[in-house]
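The entries follow the order in which I checked them.

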Amino acid sequence: MKSRLKMFSYREFALGMALSMLLFACAGPDESGLPDSFIRLSVDQSEPRRFLQYYFGGYVAPQAADPFEAGLLHDFSGRFYLDLDVFAQHRPSISEQLRDADGNRRIEWEELEAFIDRSYNQARGAPLSLDAFADSAGFAPDSAWMQVALHGVMTTAQRRIYVREEAVRTALRSAAEGDGRILYPGGTIFFGEHYLDDALVETTVMRKRADGFWDFFVYGEDGALARGTSTPPRALKSPVQCVGCHFGNKVFEPGKSFPAMAPPGPHGPRQVYVPDEFRDAEVVLRFDEHRRRADTVLGLYGTLFVSKLRARQRAGTLDPADAALLEALNL
Ligand code: HEC
């Protein structure tokens with residue numbers, strides 16, 4: 001009898017616990033104790049923390065840094081809050097542009113994207129013209145910069161992508177010495193020129209931030225900083241429509257089929273224009289670079305660079321430093 005009573009009260013206790021947990025889960029944590037400066041961010045993304053870290057990290061002055069560590073964002077069991085006071089300390093003029101338009105003490109994802117679309121370029125201090133950017137990067141289409149020409153999925157324009165060879169070497173060295181991931185040094189810049197009928201119509205840029213994420217910028221036909229691309233098949237807003245492909249794991253042509261030729265897509269050819277000797281299946285297999293995209297970089301720069309070095313090695317024209325790199329990579 002005694003034990004039955006005990007059991008009964010235990011069951012009651014367990015039921016009570018379950019009920020209150022259920023209530024708690026429905027109502028959510030009590031927000032009344034939070035400072036007035038906290039505003040909830042509604043994030044309907046598969047990796048909310050990563051997206052918030054990326055976007056708000058770009059607003060932590062003076063350099064990009066972790067917004068959670070900076071006290072800008074708070075994560076209460078997967079509910080995210082922005083501290084408007086801390087935001088105002090970091091970026092007084094920019095933070096004023098973030099409006100809770102419908103006054104519901106929440107920033108919905110659409111409101112957040114609209115704010116980022118308006119303010120990201122300014123927050124990141126993007127050079128106002130492509131010429132200024134190229135100057136500050138020491139960019140000239142010469143042998144210090146690796147060039148890859150291709151037709152891909154981002155645009156029907158032909159793309160010419162440039163990155164410093166030295167950045168690719170550093171990334172490959174880090175792959176050889178570390179866990180095999182191709183990670184570019186901070187400050188690395190990719191320029192992606194878009195050509196229609198041999199005329200330069202826009203340029204996309206990725207620049208690696210101090211916190212490991214990349215900035216995305218676009219310059220228009222006139223060379224001025226723009227809010228997005230405008231070539232077919234669809235205009236893309238920077239950075240909010242760049243991260244979808246670059247952060248995701250969907251594979252795209254021509255990277256997907258490489259070293260084989262890719263079939264044409266609905267909007268025209270999809271092809272990397274490289275000599276056949278750079279279609280080195282062993283290197284492609286070794287890095288599986290497009291699928292792995294360790295650094296949210298989608299092109300095949302490590303693969304093509306190493307393939308070029310191996311072609312030089314076969315021709316007997318490889319210099320000793322690059323021979324050492326191939327050896328470190330066991331290739
Ligand atoms: C539809 C998917 C998609 C979207 C959206 C997209 N990209 Fe890309 N991007 C790619 C792919 C795939 C590559 C690899 C090279 C190629 O195939 O063109 C690439 C390459 C790049 C590169 C060269 C470095 C690299 O990762 O290989 C830059 C720079 C770039 N994109 C900028 C942007 C910018 C800026 C935006 C937004 C305005 C953007 N991208 C949106 C798919 C996308």
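**Entry 1: the contact of H11 with H12**

I listed the contact (heavy atoms within 4.5 Å) and found that Phe 305, Val 306, Leu 309, Arg 310, Arg 312 and Gln 313 of H11 meet Asp 322, Leu 325 and Leu 326 of H12. Sorted by class, this contact has five nonpolar, one polar and three charged residues. For the classes I took Ala, Val, Leu, Ile, Met, Phe, Trp, Tyr, Cys and Pro as nonpolar, Asp, Glu, Lys and Arg as charged, and the others, Gly among them, as polar. Helices (H or I, at least four residues) and strands (E, at least two) are DSSP runs, numbered from the N terminus.

I noted that this is a predicted model, in which local features need pLDDT of at least 70 and side-chain atom pairs count only at pLDDT 80 or more, while totals for chains, interfaces and linings use all residues. Residues are numbered from 1 along each chain as its sequence is written, and side-chain values use heavy atoms, with hydrogens and water left out.

I then looked up the axes, which are lines fitted to C-alpha atoms, for helices over the stretch in contact, with angles from 0 to 180 degrees between N-to-C directions. Those of H11 and H12 (residues 320-328) come within 10 Å and cross at roughly 115 degrees.

**Entry 2: salt bridges**

I counted 18 salt bridges, each a side-chain nitrogen of Lys or Arg within 4 Å of a carboxyl oxygen of Asp or Glu. For burial I used relative accessible area: buried is under 20%, exposed over 50%, and partly exposed in between (1.4 Å probe, protein chains only).

Lys 308 lies in H11 (residues 301-315) and Glu 165 in H7 (residues 165-177), so the pair ties together parts 143 residues apart in sequence. Lys 308 is buried at 19%, and Glu 165 is buried at 10%. Both belong to a network of salt bridges that also links Glu 166, Arg 169, Arg 173 and Asp 322.

I next checked Arg 227 and Asp 117, whose side chains meet at 3.3 Å, N to O. Arg 227 sits in the loop between strand E10 (225-226) and helix H8 (243-247), and Asp 117 in helix H5 (residues 109-123), 110 residues apart. Arg 227 is partly exposed at 45%, whereas Asp 117 is buried at 9%.

Last, I looked up the salt bridge of Asp 295 with Lys 208, at 2.9 Å, N to O. Both residues are buried.
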